[in-house]
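Subject: Structure for your files

Hello,

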Amino acid sequence: MASLVTPEIESLTPYEAGKPIEEVARELGLSDIIKLASNENPLGPSPRAMQAVRAALSEGHRYPDAAAFRLRERLAAFHGVEMDEVIQGNGSNEILELLIRTFTTRDDHVVFAEPAFVVYKLASLAHGVPFTAVPTKDWTHDLPAMAAAVRPNTKLMFIANPNNPTGTHVGREALSNLLQELPPEVIVVLDEAYIQYVSAEDYADGLTLRGLRERLVLTRTFSKIYGLASLRVGYAIGPKALINYMNRVRAPFNVGSLGQAAAIAALEDAEHVERSVRENAQERARLLAALPEFGFETAPSQCNFVFCGVKRPARELFNALLQRGVIIRPVGPEHVRITVGTPRENDRLLSALKEELGGRP
Ligand SMILES: *Cc1c(COP(=O)(O)O)cnc(C)c1O
């Protein structure tokens with residue numbers, strides 16, 4: 001019999017998410033477990049967002065607003081763009097996949113970096129779209145090499161700025177050059193999931209680059225700094241024509257009412273965002289200073305996580321920390337990604353490392 005699925009789908013394995021805290025606790029008989037594996041905001045959701053969710057629950061029997069009218073209206077005002085330049089997604093994850101589904105076929109080609117956010121590769125494989133994964137240079141997107149990988153049939157290029165899992169960013173000048181040099185057919189997607197955490201002076205918010213290129217799409221999420229990962233809300237900003245095509249392919253009720261309500265409230269809670277940025281910056285600096293004392297090599301992070309070469313099998317370190325109730329994320333044979341936690345959580349991480357490896361902190 002013919003294969004039920006394409007060779008690409010055959011080659012995939014289901015996404016392995018970080019283990020839920022409850023499951024690890026049960027397995028190990030531990031009560032106090034900290035999760036530094038999924039780049040969630042350790043401060044939790046904005047209290048205003050929680051209140052909005054409670055209020056929205058009583059309308060739980062109604063289908064959500066399929067057009068996410070209020071949310072897109074607020075996002076448009078917040079960013080100074082037009083409403084029909086904004087599309088909502090079930091997390092920005094769905095937006096990334098929607099870009100592939102809407103704009104590419106098996107005859108096209110996609111370019112992204114490696115290591116970068118895994119969804120670019122997963123979605124390309126799932127839809128059978130050929131791709132080139134361009135190695136990073138010093139753990140940073142190698143934009144000239146990515147430009148050189150473009151072919152006549154290249155339709156999409158994904159750039160995570162800053163990048164996950166490496167935490168690094170590309171600066172305004174290199175990015176501007178790329179946006180102007182690429183053939184006009186290529187849709188460039190700037191994935192800005194961590195934009196609020198960036199402190200680098202040479203960073204360019206994609207909104208300020210839209211004039212440089214017609215086919216430029218920015219993606220953002222409520223899962224990271226806004227602390228709403230479980231509610232699955234993301235969005236894209238792009239030219240109306242592209243957003244319109246994506247809306248034709250999008251499932252009608254792709255973002256639930258609770259998510260829409262929470263996102264609107266979270267967007268208005270500037271104080272929660274500011275506090276999250278401030279505490280992350282302090283603790284990120286502390287981890288970047290402390291981790292090298294264990295012989296680890298860190299990449300310069302603009303995010304709420306740190307990418308670390310640990311010079312031993314990453315799985316072993318992961319398992320050793322897991323036994324001590326600290327969940328991190330192995331992301332390569334000898335590399336891990338550690339989310340910046342609260343001061344207390346980072347204390348726990350550092351003392352678990354000290355117990356495990358010896359060393360000063
Ligand atoms: C976390 C993340 C996303 C998306 O997360 P959603 O929860 O689907 O919005 C997108 N891009 C990058 C680089 C991320 O790290």
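How much space lies in the largest cavity? About 80 Å³. This is a predicted model, in which local features need pLDDT of at least 70 and side-chain atom pairs count only at pLDDT 80 or more, while totals for chains, interfaces and linings use all residues. Residues are numbered from 1 along each chain as its sequence is written, and side-chain values use heavy atoms, without hydrogens and water.

Cavity. The structure holds one cavity of 30 Å³ or more (on a 1 Å grid over the protein atoms alone, a set of points where a 1.4 Å probe fits but cannot get out; the volume is the space filled by probe spheres set on the points, which are joined across faces, edges and corners). Its lining (residues with an atom within 4 Å of a point) includes N41, Y197, E279 and T342. Helix α11, residues 270-290, gives the most to this lining, with four residues (helices are DSSP runs of H or I, at least four residues, numbered from the N terminus). By type, the lining has five nonpolar, five polar and two charged residues (Ala, Val, Leu, Ile, Met, Phe, Trp, Tyr, Cys and Pro count as nonpolar, Asp, Glu, Lys and Arg as charged, the others, Gly among them, as polar).

Helix pair. Helix α5 (residues 91-103) packs against helix α6 (residues 119-126) at about 40°, with the axes 9 Å apart (axes are lines fitted to C-alpha atoms over the stretch in contact; angles run from 0 to 180 degrees between N-to-C directions).

Regards

Note on methods: On a 1 Å grid over the protein atoms alone, a cavity is a set of points where a 1.4 Å probe fits but cannot get out, and a pocket is an open set with protein on both sides within 12 Å along at least five of seven lines; lining residues have an atom within 4 Å of a point. Helices (H or I, at least four residues) and strands (E, at least two) are DSSP runs, numbered from the N terminus.
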